Amino acid sequence: MIPEFHYRVRWRAAGAHPGHHASHQTGGGYEFAGHVPLSAFPDPRNIDAHATLNDPFGQLMVKTFRQRSAIPVFVLADLSASMGFAGKAQVLAEFAAAAAYSAYRSGDPFGLIVCGEAIRWDLCLPLRWHKGGLPADTAEGLARVRPGARNAAALEDAVPHLGRGRALVLLVSDFHLDDAFLESLLDALRPHDVVPVAVWSRAEYDTLPDWGLIHLRDPETGQRRRLFMRPTLRRRFRDAFRARRDRLRELAARHGAREPFLLEDRFDADALTRYFYET
């Protein structure tokens, strides 16, 4: 069963396609928008006698309402090699499937852009209304993929493919990215409603041994290092990740993105729903 989460945005959609989100479009909704002359909005069902009697020009006045509209929803995913560590790619695949299904259930179009050093068009999904969520071939492709890119530089190249209209963009990464690159990316994404979704594994910082020899390898550069673990070093690992989380919050706030949502080891749809209703 595909998990579903509920999301909401605090801005008005511009699109005319009916959906579940507040919009600027005038149409068949319940949100009162104002009075206009019948000649401007020829719908006699909504003639307002009180407003007509009070119109200084003697025009027939009608009530207008705002319809609810669909919004574009994108998952913009980092597929650099560090996303291949400790099941993070599997969490990404589960998250993409849940996001596509949730968009389908909300009546919103969904798009997926997967990026390493270049955009992985073979794993991407164009912005469409995808019945039932993620198509089976895309889901299988994501489940099979083994991240191996040396960086996620194509995330910036993907921005023009999000379209000109404001979209909800779920930026999924472990955010082991250079700060300058991340700032540039968040700046480029500023026209959109960006939710940084940080995929972390506790194996990186929380389940390390107190004592013993460990071997580390940077999956993107291939560099190896041997460390003798001790309690103080383990504490430094934890502190470094805590500091990174604080830094992500700071960068997101500075560049107009939402508070980062942390996916630690697994995807929890209920936690993400709570996040959307609290932020």
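Biologist: Is Arg190 buried, partly exposed or exposed?
Modeller: Arg190 counts as partly exposed, because its relative accessibility is 39%. Keep in mind that this is a predicted model.

Biologist: Which residue does Arg190 meet in a salt bridge?
Modeller: That would be Asp187, with N and O 3.3 Å apart. Asp187 is partly exposed too, at a relative accessible area of 40%.

Biologist: How many salt bridges turn up in the whole structure?
Modeller: The search finds 21. Arg105 and Glu4 form one of them, with their closest N and O atoms 3.3 Å apart. That pair links distant parts of the chain: Arg105 sits in helix H2 (residues 88-106), while Glu4 lies in the segment before strand S1 (18-37), 101 residues away.

Biologist: And how exposed are Arg105 and Glu4?
Modeller: Arg105 is partly exposed at 49% relative accessibility, and Glu4 is partly exposed at 23%.

Biologist: What about Arg120, which residue is its salt-bridge partner?
Modeller: Arg120 pairs with Asp122, at 2.9 Å from N to O. Here Arg120 is partly exposed, with a relative accessible area of 30%, whereas Asp122 is exposed at 57%.

Biologist: Which residues are linked in a network of salt bridges?
Modeller: The network is made of Asp179, Glu183, Arg244, Arg247, Glu250 and Arg254.

Biologist: Let's look at helices H5 and H6. At what angle do their axes cross?
Modeller: Roughly 35°, with the axes of H5 (residues 179-188) and H6 (residues 231-254) coming within 10 Å. The crossing is right-handed.

Biologist: Which residues make that contact?
Modeller: On the H5 side they are Asp179, Leu182, Glu183 and Leu186. From H6 come Arg244, Arg247, Leu248, Leu251, Ala252 and Arg254. Sorted by class, the contact has five nonpolar residues, five charged ones and no polar ones.

Biologist: Changing topic: how many residues does the largest nonpolar core have?
Modeller: It has 43 residues, and Phe5, Phe95 and Phe110 have the most contacts inside it. Several elements supply at least two residues each, including strand S3 (73-78), strand S4 (110-115), strand S7 (193-200) and helix H7 (269-278). The largest share comes from H2, with 10 residues.

Biologist: What does Phe5 touch, leaving out residues up to four places away in sequence?
Modeller: Phe5 touches Ala98, Ala99, Ser102, Leu170, Phe267, Ala269, Leu272, Thr273 and Phe276.

Biologist: Phe175, okay. Where is it found?
Modeller: Phe175 is in the loop between S6 and H5. It counts as buried, because its relative accessibility is 2%.

Biologist: And what is the phi of Phe175?
Modeller: Near 60°, a positive value in a residue other than glycine. Most residues other than glycine have a negative phi. Asp265 also has a positive phi, near 75°.

Biologist: Where does Asp265 sit?
Modeller: Asp265 is in the loop between S10 and H7, and it is partly exposed with a relative accessible area of 36%.

Biologist: What does Ser201 contact, leaving aside its neighbours within four places?
Modeller: Asp265 is one of its contacts, along with Phe85, Ala86 and Lys88. Ser201 belongs to the loop between S7 and strand S8 (212-217).

Biologist: Is Ser201 buried or exposed?
Modeller: Ser201 counts as buried, because its relative accessibility is 3%.

Biologist: One more: where is His192?
Modeller: His192 is placed in the loop between H5 and S7. At 5% relative accessibility, this histidine counts as buried.

Biologist: Which residues does His192 touch, not counting those up to four places away in sequence?
Modeller: His192 touches Leu162, Gly163, Gly165, Arg166, Ala167 and Val169.

Biologist: How far is His192 from Val159, C-alpha to C-alpha?
Modeller: They are 9.9 Å apart in space, and 33 residues apart in sequence.

Biologist: Great, thanks for the tour!

How values were computed. Residues are numbered from 1 along each chain as its sequence is written. This is a predicted model: local features need pLDDT of at least 70, side-chain atom pairs count only at pLDDT 80 or more; totals for chains, interfaces and linings use all residues. Side-chain values use heavy atoms; hydrogens and water are left out. A salt bridge is a side-chain nitrogen of Lys or Arg within 4 Å of a carboxyl oxygen of Asp or Glu. Helices (H or I, at least four residues) and strands (E, at least two) are DSSP runs, numbered from the N terminus. Buried means under 20% relative accessible area, exposed over 50%, partly exposed in between (1.4 Å probe, protein chains only). A nonpolar core is a set of buried Ala, Val, Leu, Ile, Met, Phe, Trp, Tyr and Cys residues joined through side-chain atoms within 4.5 Å. Contact means heavy atoms within 4.5 Å. Axes are lines fitted to C-alpha atoms, for helices over the stretch in contact, and angles run from 0 to 180 degrees between N-to-C directions. A crossing is left-handed if the near helix is turned anticlockwise from the far one by less than a right angle, and right-handed if clockwise. Ala, Val, Leu, Ile, Met, Phe, Trp, Tyr, Cys and Pro count as nonpolar, Asp, Glu, Lys and Arg as charged, and the others, Gly among them, as polar.
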